[in-house]
Amino acid sequence: MEPQRSPLLEVRGNIQLKRPPVKAPSRLPLPGTRFKRGPDQMEDALEPEKKRTRGLDTVTKIATSRPRAPALTTVAQTQGQTTAPKVPKKTGPRCSTAVATVLKNQKPGPAAPAQKPGAAAPVLGGRKPTKRPAWDLKGQLCDLNAELKCCRERTQTLDQENQQLQDQLREAQQQAKSLGAECRTLEGELARVQAQAEQGQQELGNLRARVLELEEQLGTQQGLVQELQKEQLGLQEERRGLAARLEEQERRLQASEAALSGSQAEVASLRQEATTQAALLVEQGERLHGLEMERRRLHNQLQELKGNIRVFCRVRPVLPGEPTPPPGFLLFPSGPGGPSDPPTRLSLSRSDERRGGPPPPPPRHDFSFDRVFPPGSGQDEVFEEIAMLVQSALDGYPVCIFAYGQTGSGKTFTMEGGPGGDPQVEGLIPRALRHLFSVAQELGSQGWTYSFVASYVEIYNETVRDLLATGTRKGQGGECEIRRAGPGSEELTVTNARYVPVSCEKEVEALLHLAHQNRAVARTAQNERSSRSHSVFQLQISGEHAGRGLQCGAPLSLVDLAGSERLDPGLTLGPGERERLRETQAINSSLSTLGLVIMALSNKESHVPYRNSKLTYLLQNSLGGSAKMLMFVNISPLEENVSESLNSLRFASKVNQCVIGTAQANRK
């Protein structure tokens, strides 16, 4: 289908058919512009044409020989002939502007210069016409007629052309109307297009912002992509390394699987061997238990062979400021095996100053004990001799160790040790507990578990006091009484006394320090600080073998007896001496009762006077036939104490001669 042709183009085509082609500017308005010419401007545009046609009627002479130009052009070139009709102003501004544009594009050709009235007509053939004489009126009339005829023809031609122009004007007006409607449509479309353009500009701005944002994101993503590419390269390197490691691990796995196959066979054989070893271990455990019981039996038999009542004699060294004893005062003869054997005998000489005349040779007193410790013996040497006896308490045998002697003979030093915490001078109590803890730990590997509970009391003037009392309970010794643990029980306990579980050496040291502060001491003639009471440290030992259902328990009693002194009947007593006298009497009475109890046990008497003294009553389970007992007799090396030393040695000799029944372990 052929596209519809614009009316404006049709008008232009009609005009171009009648006029020579002239290059005309575009008649369509540019976008965003308006028609700027109104009706008056159109009249002004046509005004030169009016002026050129205004003098047609006044022309009187026209050269007849002049070639005729186009009618519209001739009319436009002549002046004063016929006035061109005005364009009717029927249309609006837009139509007038369109018509003016059409007429403007028709450029007139060059006009011939107008001839003045009365001028001679041009001569044909290029000759200059001759002026008729004034008398040639007929010639002039002929010229005028010819010119009139020519003007009429021109007028007729102009009328025809005017009629054609009017027709064309009407057609142009109609086209202008259609162009106005089309223009309005185009203006609406232009407004719509402009709105769309504005919306497009806004969208374009948004798109540009979005493009910038996307470009920024693209830059970020490109950076991330570069980082990821670098990371990918690193991962690829790592993957290659892992692949190499995987290959290596696979090779090792294959080797391990091969080794595993061999190991499984070896494990099977080892399991079989382990089963055999387990059975052997059970057998060895039974054998070890039998050997342990045999060890305990032999150990007890060895202690019995040594005697269930043993007596050791210890001579303390001479202290600074004391007189040196005379030579030969104390002698330590060698044993049957010579000097290499430990000494077991002691010889003491005593001079008699009451006889007059030349002094006779001093009599010598010889004593024999299970072991004699000279002044140079150390604490470790003393404990080494009793360590096996202490271990018997773990086997379930009651053990009791005494320290007996006069005031100042070294009993407290032997049992508790010296001041300052020097390990070289530790006494029997801390050493015995350290040894028990060590042996109990070793027996733990065989299934034995042990617990230890300690108590520390003193007996002062037949009154029991708790040396471990603290705070308001200090000094309330009268409240402590010795009672049976329960109805029908043979175990004795001290009421209101502290029983402290112990498991290490530091706890024992703290208890000994507290007891040393609470113990009753006083100044005597023999010692600046003398113990005026019997101190009894008891450790209740309980052992259990859960695997075999065995239990054992026994007390270990370590006793520091008060200093023994004889009374001088002729001594004048003051108030303080009377108090010391009562203390001495109580001490000697309890020591005598201890001797009587040992003698009664040795003689197998039916009645043993345990209740005659609080000391023997408290220790009756450690003194009977099922107990092991050891007495340290401590003597002074000074000659001035020879009488007290002899009394102590004689008492110890009597005890050493006693034999009580076979000890029995307390087992369940």
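The legends below describe close-up views of a predicted model.

**View 1. Residues of the annotated binding site.** An unreviewed UniProt entry places the feature "binding site" at G405, Q406, T407, G408, S409, G410, K411 and T412.

**View 2. Q406 in the loop between β6 and α7.** The loop that holds Q406 runs between β6 (399–405) and α7 (411–416). Q406 has a relative accessibility of 2% and therefore counts as buried, since the limit for that class is under 20%. The backbone oxygen of Q406 is 3.0 Å from a polar atom of the K411 side chain.

**View 3. K411 and its surroundings.** K411 is part of helix α7. Its relative accessible area is 7%, so K411 is classed as buried. Apart from neighbours within four places in sequence, K411 contacts A403, Y404, G405 and Q406, together with D560, L561, A562, G563 and N634. Among these residues, Q406 also supplies the backbone oxygen at 3.0 Å from a polar side-chain atom of K411.

View 4. E462 is not a glycine, yet its phi is positive, at about 60°. With a relative accessible area of 29%, E462 is partly exposed, a class that lies between the 20% and 50% limits.

**View 5. K604 in the loop between α10 and α11.** K604 is located in the loop that links α10 (575–602) to α11 (614–618). Although K604 is not a glycine, it has a positive phi of about 60°. K604 counts as exposed because its relative accessibility is 57%, and the exposed class begins over 50%.

How values were computed
Residues are numbered from 1 along each chain as its sequence is written. This is a predicted model: local features need pLDDT of at least 70, side-chain atom pairs count only at pLDDT 80 or more; totals for chains, interfaces and linings use all residues. Side-chain values use heavy atoms; hydrogens and water are left out. UniProt positions are given in the numbering used here, feature names are shortened, and annotations may be inferred rather than shown by experiment. Helices (H or I, at least four residues) and strands (E, at least two) are DSSP runs, numbered from the N terminus. Buried means under 20% relative accessible area, exposed over 50%, partly exposed in between (1.4 Å probe, protein chains only). Contact means heavy atoms within 4.5 Å. A polar contact is a pair of N or O atoms within 3.5 Å; within protein, one must be able to donate a hydrogen and the other to accept it, and residues adjacent in sequence count only if both atoms are side-chain atoms.
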